Amino acid sequence: MSDASQPAVLFICTGNICRSPTAHVLLVHKARMAGVEVAVDSAAVSDEERGNPFDHRAAAELCRRGVPLHAHCARQVRREDFTRFDWIVGMTRAHCAALRRIAPEGCRSRIVLMLDFAAGHEGQDVPDPWYGDARDFVHAFDLIDRGVDGLIARLFAQ
């Protein structure tokens with residue numbers, strides 16, 4: 001687990017190629033702009049996309065919004081992630097449920113839903129844009145953006 005001066009956040013989605021890496025780079029970007037330190041990573045509940053880069057449509061939306069990308073290689077969540085990260089943020093209720101099933105005893109309270117940080121969207125899922133078109137990626141980005149803003153506010157509220 002991280003020290004109190006630098007919280008650690010792990011974002012989770014199905015394949016770790018669009019929603020969770022979008023949240024990852026967005027949190028890094030916004031934290032840097034705010035002058036705060038946070039350790040961030042992303043992973044998947046599945047291993048079907050392991051080793052793959054960003055979905056090109058997610059990357060295009062990030063670039064369109066001026067958010068710098070980093071090299072990305074999809075990975076599956078690992079057992080040690082549950083103790084390494086303070087917050088494990090699932091994009092959907094199904095992701096959170098899957099994470100709670102595999103989390104070690106005492107780590108389940110770290111698992112939270114992304115949109116629980118977005119006022120007016122609590123309890124809702126960030127829909128998977130993978131099967132959609134550019135509009136679906138815009139919508140997912142907008143929701144993730146709201147969630148990241150709320151997460152930053154929660155992490156650094158003093």
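The expected span of a helix is 1.5 Å times one less than its number of residues. In this predicted model, helix α1 covers residues 19–34, and its 16 residues should therefore span 22 Å, which agrees with the 22 Å that separates its end C-alpha atoms. Just after α1, G35 takes a positive phi of about 75 degrees.

Twelve of the 16 residues of α1 are buried, so the helix is largely enclosed by the rest of the structure; among the buried residues are R19, P21, H24, L27 and K30. These buried residues pack against strands β1 and β2 and against helices α2, α4 and α5.

The strands form an open sheet of four, in the order β2-β1-β3-β4, with parallel pairing. Because β2 and β4 stand at the edges with a single partner strand each, one side of each is left without a neighbour in the sheet. The twist averages 25 degrees from one strand to the next. Six bridges join β1 to β2, and the bridge partner of C13 is A44 in β2. Two helices lie across strands of this sheet, as follows.

| Helix | Strands it lies across | Angle |
|---|---|---|
| α1 | β1 and β2 | about 155 degrees to β1 |
| α4 | β1, β3 and β4 | about 170 degrees to β4 |

The side chain of R64 makes a polar contact with the side chain of E61 at 2.8 Å, whereas R64 and G106, 42 residues apart in sequence, are 40 Å apart in space, C-alpha to C-alpha.

Note on methods: Residues are numbered from 1 along each chain as its sequence is written. This is a predicted model: local features need pLDDT of at least 70, side-chain atom pairs count only at pLDDT 80 or more; totals for chains, interfaces and linings use all residues. Side-chain values use heavy atoms; hydrogens and water are left out. Buried means under 20% relative accessible area, exposed over 50%, partly exposed in between (1.4 Å probe, protein chains only). Contact means heavy atoms within 4.5 Å. A polar contact is a pair of N or O atoms within 3.5 Å; within protein, one must be able to donate a hydrogen and the other to accept it, and residues adjacent in sequence count only if both atoms are side-chain atoms. Two strands pair if DSSP finds at least two bridges between them. Axes are lines fitted to C-alpha atoms, for helices over the stretch in contact, and angles run from 0 to 180 degrees between N-to-C directions.
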